[in-house]
Amino acid sequence: MNYTLHQLALFLKVIETQSITKTAEAMHLSQPAVSIQLKNFQKQFFIPLIEIINKRVYITEFGHEIAQSAQNIINELKSIDDRLVKYNGSLTGTLKIA
C-alpha cells in the first residue's frame, strides 16, 4: 500500500464533511483534485470505503474502520511534531484563560 498522509487527511475530511465539494473547499483544493486523490486512495483497498449515491457520500463500515486507523496515524504524527517542538525549546500545550 502506498497511500500518502495527504490522502489520509483528505479521506478523514470527506468522512467529516460527507461531501467531496465541502472537503475541496475546506482543504483549498479543486473538487476534481479531491475526487482523484480519493479514487487513488480507494484503489489501494479491495473493499469500498465510501459509496456515492445521488451525489451524497456514504461511508461503509470498512470505511469507518479505516478512518479510525487514519485518525490514529494523524494523532501520532501530531504527537511527534509536539515532541519536536518541545525539544526545540518552544512553548507547547493548551493555554486556558479563566
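Here is a walk through this model, starting with its first helix and ending at a loop proline.

A word on the ground rules: this is a predicted model, where local features need pLDDT of at least 70, side-chain atom pairs count only at pLDDT 80 or more, and totals for chains, interfaces and linings use all residues. Residues are numbered from 1 along each chain as its sequence is written, and side-chain values use heavy atoms, with hydrogens and water left out. Helices (H or I, at least four residues) and strands (E, at least two) are DSSP runs, numbered from the N terminus.

Let's begin with α1, which covers residues 5–17. This helix has 13 residues and reaches 18 Å from its first C-alpha to its last, close to the 18 Å expected at 1.5 Å a residue; the expected span is 1.5 Å times one less than the number of residues. Its buried residues are Q7, L8, L10, F11, L12, V14 and I15, where buried means under 20% relative accessible area, exposed means over 50%, and partly exposed is in between (1.4 Å probe, protein chains only). What covers them includes α2 (20–26), α3, β1, β2 and α4 (61–88). Just after α1 comes Q18, with a positive phi of about 55°.

Now look at how α1 meets its partner helices. Against α3 it packs at an angle of about 110°, with the axes 10 Å apart. That makes α1 roughly perpendicular to α3. For reference, axes are lines fitted to C-alpha atoms, for helices over the stretch in contact, and angles run from 0 to 180 degrees between N-to-C directions. Angles under 35 degrees count as roughly parallel, over 145 as roughly antiparallel, 65 to 115 as roughly perpendicular and the rest as oblique. On the α1 side, H6, Q7, L8, L10, F11 and V14 meet V34, Q37, L38, N40 and F41 of α3; contact here means heavy atoms within 4.5 Å.

With α4, the angle is about 125° and the axes are 9 Å apart. That makes α1 oblique to α4. The residues that meet are L5, L8, F11, L12 and I15 from α1, and G63, I66, A67, A70, Q71, I73, I74 and L77 from α4.

What about α4 itself? Its 28 residues should span 40 Å at 1.5 Å a residue, and the end C-alpha atoms are 41 Å apart, which agrees. G63, I66, A67, A70 and I74 are buried in this helix, and the buried residues of α4 pack against α1, α3 and β2. Just after α4, G89 takes a positive phi of about 95°.

Next, the strands. β1 and β2 run antiparallel and are joined by four bridges; two strands pair if DSSP finds at least two bridges between them.

K55 is found in the loop between β1 and β2, and its phi is near 65°, a positive value in a residue other than glycine. K55 is also exposed, with a relative accessible area of 83%. H28 has a positive phi too, near 55°. You'll find H28 in the loop between α2 and α3, and at 72% relative accessibility it counts as exposed.

Finally, where does P48 sit? P48 is in the loop between α3 (31–42) and β1 (50–53). At 41% relative accessibility, P48 counts as partly exposed. Leaving aside its neighbours within four places in sequence, P48 is in contact with Q42, T60, F62 and G63. One of these, T60, is 12 residues away along the chain, yet the C-alpha atoms of P48 and T60 are separated by 6.9 Å.
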